[in-house]
Amino acid sequence: MTETPRITVERDGHVLRIGFDRPEKRNAADYRLLSELALAYGELENDPELRVGFVFAHGDHFTGGLDLADVAPRIGADGLDIAPDGGINPWQVSGRQLSKPVVIAVQGTCLTLGIELILASDIAVAAESTTFGQIEVARGILPFGGATIRFPRAVGWGNAMRWILTGDSFDAAEAHRIGLVQEVVPDGTQFDRGLELARRVAAQAPLAVQAALANARLAVRDGDAAAEAALQPALVRLASSEDARIGMTAFVTRTEAEFVGR
């Protein structure tokens, strides 16, 4: 493609920085942006040297939501498929699942798919002036990136329905109060704080991080009993890893562990 990419992708050690880059449109997501985002998630998943994704946005706004003029005509009889070969649906509602954690930092306007991307991520940081809105019902559609599933689970039924069913906007303080985001930081610092957290996660034993994430997701998807049954086998597998030996040596010698992912 000769056009400027909608998504920037940059390696930062074991972190993959993934940036929305359509600032002239408030980072509204057209089909090309969605496809490029899916390919970036595929790169994160497929490269063993990458341990954590860090999603952010260039410009003043995280996203104004879907570019409906571009996307709506592409909704077919089976819905909307945004993941090309090698890609992973970033909203994790279809296809292959991502096994690695994602940290996200948002600012400015964060509408619809932006909230759903937070819900599909693992740690979220928001600038204090961020404005949120799950406004699909005002456009005659429903949230189809996971909000109907994850929002009630993350913040409670009433808190989720308050915003999903009215389409009203809410601020970062409310997002933090209900648990949609984990930290609210001064404007302009959300990128640095989000990247700091991503690097902190990336410094841990990657097999252990992925195992912990997988077990937590298993509990959510299939229930406590399924997750409980998987705990001991996961522990046995991790205990025999090279990273476990590195972690134990670091503990005994009181040195910083340098994990290798094996």
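Phe54 is buried (under 20% relative accessible area, with exposed over 50% and partly exposed in between, using a 1.4 Å probe and protein chains only), because its relative accessibility is 0%. The model is predicted: local features need pLDDT of at least 70, side-chain atom pairs count only at pLDDT 80 or more, and totals for chains, interfaces and linings use all residues. Residues are numbered from 1 along each chain as its sequence is written, and side-chain values use heavy atoms, without hydrogens and water.

**Aromatic pairs**
- The chain has six aromatic pairs, meaning Phe, Tyr or Trp rings (for Trp, the six-membered ring) with centres within 6.5 Å; planes under 30 degrees apart count as stacked, over 60 as edge-to-face and the rest as tilted.
- Phe54 and Phe191 are edge-to-face, because their ring centres are 5.3 Å apart and their planes stand at 65°.
- Phe54 belongs to strand β3 (residues 52-57) and Phe191 to helix α7 (residues 190-202), so this pair ties together parts 137 residues apart in sequence.
- Phe191 has 22% relative accessibility, so it counts as partly exposed.
- Phe132 and Phe170 are stacked, with 5.4 Å between centres and 15° between planes.
- Phe132 is in strand β7 (residues 131-133) and Phe170 in strand β8 (residues 169-171), so their pair ties together parts 38 residues apart in sequence.
- Both Phe132 and Phe170 are buried.
- Phe54, Phe56 and Phe191 are linked into a cluster by ring pairs.

**Whole chain**
- The chain holds ten helices and nine strands, which are DSSP runs (H or I, at least four residues, for helices; E, at least two, for strands) numbered from the N terminus.
- Of the 262 residues, 47% are buried.
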